[in-house]
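This report describes the strand arrangement in one protein model. The sequence and the structure come before the account.

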Amino acid sequence: MLTRLKLTAIRERLDALLVEAARRELTRSETLTYLCEQEVADKEQRRIQMGLSIARCTFLRTLEGFDVSAQPAVDLGQIRELAGGGCIANGDALLLLTSPGVGKSHLAVALGREAVKAGYSVLFTTATAMITQLVQAHANGALEKLLRLFAKPKLLIIDELGYLPLEPVAANLFFLLVSRRYERGSLLVTSNRTVSEWGEVFGDAVVATSILDRLRHRSHVSTIRDDSYRLCAKRKAGLIRPDGIHHPEQVARGVRGQISLSELGRFWRRLTAMWSASCLRHAKRRILLVCAPHWRLSDHADVPVGRTPAEGGRVSNILH
């Protein structure tokens, strides 16, 4: 009968549950309540697991696991408000604009998990993967089908927008997606670029303005500009020394000891773009040309500090 009623938790644990009820000296009514509570809790846990599986999160994070002490700029009140799910019910947009490495992906996944617990459908994707799918679907004549897929979940999480600039076709396809979800479903977008830089991301100021016009109409924006977790960990471990790295822009500002996050982000985007755009042999040569004018090797390298990569450094040193 338990199988027919699909009370699987009670069926699988009946003997153990009855023993526990007897140990607690529960009445028959209390025992029945106890059994029902266990069944409901099991079904709720399975629902959450199924929702997270459908959301396609590549890793699991929780709000409780977010290290607030390492990121004091995080507005906990705003994050808790977003986790409440009211903005998702209204179809609002959520923008997490942060420096690299401060935990925006952690927060995005954690907020997605809270949305699943609240009963909302969620889909997680990176901007690169989503744009690739849209471009391929457009070329294969299956764009409408894919747009319906991305428009279906109540909350669509797009992580890491802005690491690489988009081609004009890709930017227009992204605009189509935002328009399809406008006031119908929530979008949670994470980016290491401020909204003023989105014109560079999309390669067209008009397209960027159109996208932002829809996203910011009914939106909640959280901006975090702290040091990354990795940088904080290295600083605590004493791995970053004041004389480790020198950069011309930092010297001009009177700041020594680390490269600004924005400068590091720009370097990494240029590095990865050239690496993917050319074969290995040519990519190495181009990387040296990019690094040579500005960078100096730290004491981790096997050449003296103060010499540029072009003067004897190796690509492995730069990547290290």
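## Strand β1 and its sheet

In this predicted model, strand β1 (residues 93-98) is mostly covered, with six of its six residues buried. Ala93, Leu95 and Leu97 point one way from β1, while Leu94, Leu96 and Thr98 point the other way, and all are buried. In a regular strand, side chains alternate between the two faces of the sheet.

β1 belongs to an open sheet of five strands, in the order β2-β3-β4-β1-β5 and with parallel pairing. β2 and β5 are the edge strands, each pairing on one side only. From one strand to the next, the twist averages 10 degrees.

| Pair | Residue ranges | Bridges | Opposite residues |
|---|---|---|---|
| β1 and β4 | β4: residues 186-191 | five bridges | Leu95 and Val189 |
| β1 and β5 | β5: residues 219-224 | six bridges | Ala93 and Ser219 |

Is Thr125 buried or exposed? Thr125 counts as buried because its relative accessible area is 9%, under the 20% cut-off. Apart from neighbours within four places in sequence, Thr125 is in contact with Met130, Gln133, Leu156, Ile157, Ile158 and Asp159.

Methods: Residues are numbered from 1 along each chain as its sequence is written. This is a predicted model: local features need pLDDT of at least 70, side-chain atom pairs count only at pLDDT 80 or more; totals for chains, interfaces and linings use all residues. Side-chain values use heavy atoms; hydrogens and water are left out. Buried means under 20% relative accessible area, exposed over 50%, partly exposed in between (1.4 Å probe, protein chains only). Contact means heavy atoms within 4.5 Å. Helices (H or I, at least four residues) and strands (E, at least two) are DSSP runs, numbered from the N terminus. Two strands pair if DSSP finds at least two bridges between them. Axes are lines fitted to C-alpha atoms, for helices over the stretch in contact, and angles run from 0 to 180 degrees between N-to-C directions.
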